[in-house]
Amino acid sequence: MALTIKEVEHVAMLARLSLSEDEKKRFGEQLSSILNYADTLNVLPTDDVEPLTHILPVKNVFRADEARPGTPREEMLANAPLADEGQYKVPKIM
Amino acid sequence: MAVELYELTVHELQERLARREISSEEIVKSIFARIHNVEDKVKSFITLTEESALQNAREIDQAGKYTGIAGIPMGLKDIFCTRGVKTTCGSGILSNFVPAYDSTASHRLDEQQAVLVGKLNMDEFAMGSSTENSAFFATHNPWDMERVPGGSSGGSASAVAADEVPFALGTDTGGSIRQPASYCGVVGMKPTYGRVSRWGVIAFASSLDQVGVFSKDVRDNALIMNIISGHDPLDSTSAAIEVPDYTSYLDGDVKGLRIAYPKEYFQQGVDASIKELIKKALLKYEELGAVVEEVSLPHSEYALPAYYLVAPAEASANLARFDGVRYGYRDTEAENVVSMFSESRAQGFGDEVKRRIMLGTYALSSGYYDAYYLKALKVRRLIANDFEKVFRDFDVIVSPTTPTTAFKLGEQSGDPLTIYMNDILTVPINMAGLPGMSIPCGFDQGLPVGMQLIGKAFDEATLFKAAYAFEQNTAYHTMKPALGVK
């Protein structure tokens, strides 16, 4: 199957990736070819196969609900592109 | 000519330190002399930490306690968070990121007083097979400067091969330790999923990623694995399964060991010369008393297409955190928050990362989830079942690590599918979560060839046993690239 430019734009929107016209065309073609390759899986009957989501037999791993020291706020904020008054600062949302 | 300290293995350095013949400072100085001599050709490192390395070495010398790996230099793939040391993950989006904490794996080595020499080059976010996807520069294969070292842990492999570090850590999601180890002629171990903590390792595909070791020989690999393996409360997917002393399995005895070679791994465009070298290695194992038989892993050909749905799907979720808010690159021109996200990501990520985010987002999106992602997870079960069946009757599976030797820089930069094929023999092992190892087993036209050993879950010990027996009866691991320097 070949992805249309509209589909590429939709996926890019979901992924929060701004793409140039050239990228849309190129990624569209490349993704189509990878998805065609993925379609080779369809020859395998898998209706009765349990999907393998995790390789280890572990479920819900809990620890005691105890407060522990964390990384100091200033250290975490040191990597922020923009911080003010101990908080991350972003452009307006609404 | 006297042997230089930078040429030695970890266990050789340990012995000399224990006998007080050398100091850690001398080792570190020798290592940096080597790095300054070859690094402009090989380009293994993104960041060097010469000053702190020398300081650490001097402190260790002053304390004078050379236990374990104290005073021995190491390199880390730039995917491991290192407190106070820039960690880029090979990406423009993290080019200025300085973590506030350490990864568990590197922290365990720090605790043992290994000396960090620097952070190693890699494909951006570990996505690639050549290290050409690094946002900064390409790394060169020490055996042939016109060729790639493999990837994504290409810097780790080239640094060990070029004697810039005695050992290094890497990560392997679909072959990123084994394939570069094979291309550079070093030992590379990808343990069982869950064997080593992933805490503080920048995530690519969380159900496949695993930390592992590059080394000059099997003994070094085993002794580093002893240190980094084991449960970590900070990683809920790390396994609470006892870690044996891997070095105790290095006895060279493979009598009666049951070795299988899957016929499917000797098709799929594997070079004839590589097949021949692996067959020769199997004969060596027979000579040493192992039982060698052909088996079938019938779903092998479906592992790669399934991987290229599962891995990008997980990556698209993991990489959502790079939004220009808490760390990393931000487009400061954007007027609203959504365009800030989209522009920061567009400018900060390279092509391959964007491609995989798009692919993964598509595979997970409404209307396609069942057809692609769920289908791939079902096929993943079939692949794991294939291995389970063979391991009922065998101890180890042996195959080539890669279909070809190292290719030339720029040679495979066109079609993404072409480069994905490099991982065809390594990806199935990640899909099944099993331990896999690549060791040198010969040369083809001057380029190293790797043999892959695959084990049962959490049975790295048997891999070390089998690998050591082969290594001790061959001399490939002692070969060094000329590098065109004295």
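## Getting to know chain B

Of the 486 residues in chain B, 62% are buried, where buried describes a residue with 20 or more other C-beta atoms, placed from the backbone, within 10 Å of its own. This is a predicted model, in which local features need pLDDT of at least 70, side-chain atom pairs count only at pLDDT 80 or more, and totals for chains, interfaces and linings use all residues. Residues are numbered from 1 along each chain as its sequence is written, while chains are lettered from A and ligands numbered from 1 in the order in which they are written.

**Overall build**

- Chain B contains 15 helices and eleven strands, which are DSSP runs numbered from the N terminus (helices: H or I, at least four residues; strands: E, at least two).
- Chain B is as compact as a globular protein of 486 residues, because its radius of gyration, 21 Å, is close to the 23 Å from the globule rule (taken over C-alpha atoms; the rule is 2.2 Å times the number of residues to the power 0.38).
- The C-alpha trace of chain B spans about 65 × 55 × 45 Å along its principal axes.

**Strand E9 and its partners**

- Strand E9 (residues 396-400) of chain B has five of its five residues buried, so the rest of the structure largely encloses it.
- E9(B) pairs in the parallel sense with strand E7 (residues 258-262) of chain B over two bridges (pairing takes at least two DSSP bridges between two strands).
- Here Ile259(B) has Val396(B) in E9(B) as its bridge partner.
- E9(B) also runs antiparallel to strand E11 (residues 447-455) of chain B, joined by five bridges.
- Pro400(B) has Met451(B) in E11(B) as its bridge partner.

Notes: A residue is buried if 20 or more other C-beta atoms lie within 10 Å of its own, exposed if 12 or fewer, and partly exposed in between; C-beta atoms are placed from the backbone.
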